[in-house]
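Q: Could you walk me through a few features of this structure? I would like to learn how to read them.

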Amino acid sequence: MATQQGEGGVPFAVAHELQNFRLLELPPEIVELLEAPNPPPFQIRQVQTSNSVFVTQPAFDAHGNDIPTSTTCAIASCTATLELHPADTPAVAYIEAVLPVYDIVGGEVDAIQNDTSKGGVFADVPLSSGQCEQGWAEVVAFELSGSSYRPSVNTLRQVWSSINAAALAEGIRLDSQFLGYDLAEMVQEEGFPAPLALAIFSHLASAGQDTSGQWSCLDRRKTVSFVGKTLLQAKRGSSGHLVADFVEEWKDSLPEAWRGDAALKSIEGTYDTPTSTTIVAKGISASRATEAAVPKAAAVKGKWHERFAKTRK
Amino acid sequence: MPIIPLHPRSLAPASAASDSNPLPPLLRTPSGLALLELQGDIRFPPAAAQSSTQVGKLVFPLYNPDLNAEDDTKWMKRVYFYVGKNQRMAGEVKRLGKPFAVIRKRETPNVEDVVMGDGEAVNAGEELEIVEIVKYKILFAMRPEPVGGGVEETV
């Protein structure tokens with residue numbers, strides 16, 4: 001081997017001024033995924049390595065007084081590599097995690113200002129703008145005085161009730177075009193944020209409806225289902241509530257003409273019936289799902305530490 | 001989400017770099033970039049006069065293009081890295097299960113134009129580019145072993 005070291009070896013040098021490179025691991029799927037019409041997002045995870053990883057480049061170097069020879073020269077050293085993982089966490093989970101809850105208890109607002117605009121919130125979410133918008137709409141998020149919030153179920157219930165009352169007073173049919181701004185202002189007079197009322201209009205808008213203008217138009221089926229789910233989730237206690245009472249309350253919370261639409265089948269999958277006459281909301285809220293996911297991650301971490309501790313013994 | 005554009009590798013061939021690349025063809029890439037991973041770190045005294053310091057030599061003892069067929073990959077199993085005069089690391093050439101994209105900050109194109117222009121600041125933000133996609137690496141997973149350096153002295 002010693003002779004080869006002298007004859008056939010490739011000189012290896014290390015540049016004094018190393019450049020900045022990053023190594024991004026490319027999973028085999030990524031190529032086909034990148035070619036897909038709607039490429040899914042990937043999360044980037046930085047992985048530290050205890051080894052030295054050099055990026056090398058051929059160079060033609062004369063070291064000392066030697067005749068210049070073809071050399072392999074390390075031009076960068078990477079202490080970490082980047083891995084790509086398909087982002088499988090739904091956008092709504094991210095948005096829920098970063099937004100403070102806007103709650104109204106006994107007429108008093110209970111919310112922590114985050115002094116962050118919608119754009120500022122999106123900047124911290126590792127998803128595309130389109131997905132952020134989707135999650136934002138799903139949690140009925142809204143901006144108020146420079147902060148962003150997501151309403152509690154209890155708040156949604158109260159604001160909906162105010163919307164319904166104002167629409168009734170003004171003779172507005174919610175499933176035909178109406179001036180959303182005007183209705184939101186009436187809701188504001190009741191002490192609720194107008195932007196939240198507008199967020200609800202947009203959340204419940206008929207498909208294809210432009211929600212950016214001052215006009216709104218609610219989808220009747222969507223709205224009936226939303227009101228039913230909101231009412232049920234806002235009910236405290238897990239022992240269950242009488243189905244007949246719940247449906248009656250649901251009907252009372254809808255515009256007169258829609259009363260007949262309040263049927264359990266329109267909120268199917270979102271409730272459990274502990275007995276044949278009682279009903280309770282299923283733990284469908286995404287916030288609970290995220291809470292469940294977090295301890296899971298912690299548990300894995302714990303195991304890793306346990307394993308690490310074992311090897312150290 | 002703040003968006004940083006990541007540009008794909010430019011397809012400009014760099015045949016000149018390929019010709020002067022001393023590594024076996026399998027390890028050559030269009031840009032000449034290759035990956036070498038080792039356990040630990042290389043330390044050497046700084047030599048200000050040079051832009052780089054030669055720290056050792058890579059030897060592919062089983063690689064012989066005259067004898068081996070092109071698709072013969074047995075030579076990948078053995079690579080030596082002689083560091084200084086008395087240390088040697090044994091390693092191998094590994095095919096990466098997941099290739100690496102080598103990424104760097106993109107130099108703003110037309111830098112001269114910007115400078116020569118009428119002071120109009122062009123701040124396009126940070127951009128990244130994939131310089132190369134590397135499918136193999138030279139890996140030295142073991143610690144160096146001592147070897148005699150007598151022969152080196154005579155070269």
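Q: In which loop does Asn20(A) lie?

A: Helices and strands here are DSSP runs numbered from the N terminus, with helices being H or I of at least four residues and strands E of at least two. Asn20(A) sits in the loop that links β1 (10-15) to β2 (22-25) in chain A. A word on the basis: this is a predicted model, where local features need pLDDT of at least 70, side-chain atom pairs count only at pLDDT 80 or more, and totals for chains, interfaces and linings use all residues. Residues are numbered from 1 along each chain as its sequence is written, chains are lettered from A and ligands numbered from 1 in the order in which they are written, and side-chain values use heavy atoms, with hydrogens and water left out.

Q: Does Asn20(A) count as buried or exposed?

A: Buried means under 20% relative accessible area, exposed over 50%, and partly exposed in between, using a 1.4 Å probe and protein chains only. Asn20(A) counts as exposed because its relative accessibility is 70%.

Q: Which residues is Asn20(A) in contact with, leaving aside its neighbours within four places in sequence?

A: Contact means heavy atoms within 4.5 Å. With those neighbours set aside, Asn20(A) is in contact with Ile103(B) and Arg104(B). Within chain A, Asn20(A) and Ala76(A) are 6.2 Å apart, C-alpha to C-alpha, although 56 residues apart in sequence.

Q: What is the phi of Val140(A)?

A: It is near 55°, a positive value in a residue other than glycine. Val140(A) belongs to the loop between α5 (129-138) and β7 (142-144) of chain A, and it counts as buried because its relative accessibility is 3%. Ser145(A) also has a positive phi, near 50°, and is likewise not glycine. Ser145(A) lies in the loop between β7 and β8 (147-151) of chain A, and its 68% relative accessibility is why it counts as exposed.

Q: In what order do the four strands of the open sheet come?

A: Two strands pair if DSSP finds at least two bridges between them. In chain A the order is β6-β5-β8-β7, with mixed pairing. The edge strands, each pairing on one side only, are β6 (108-110) and β7 of chain A. β7(A) and β8(A) run antiparallel and are joined by three bridges; Glu143(A) stands opposite Ser148(A) in β8(A).

Q: Which helix packs on the sheet?

A: Axes are lines fitted to C-alpha atoms, for helices over the stretch in contact, and angles run from 0 to 180 degrees between N-to-C directions. Helix α8 (residues 194-203) of chain A packs there, touching β7 and β8 of chain A, and its direction makes about 165° with that of β7(A).
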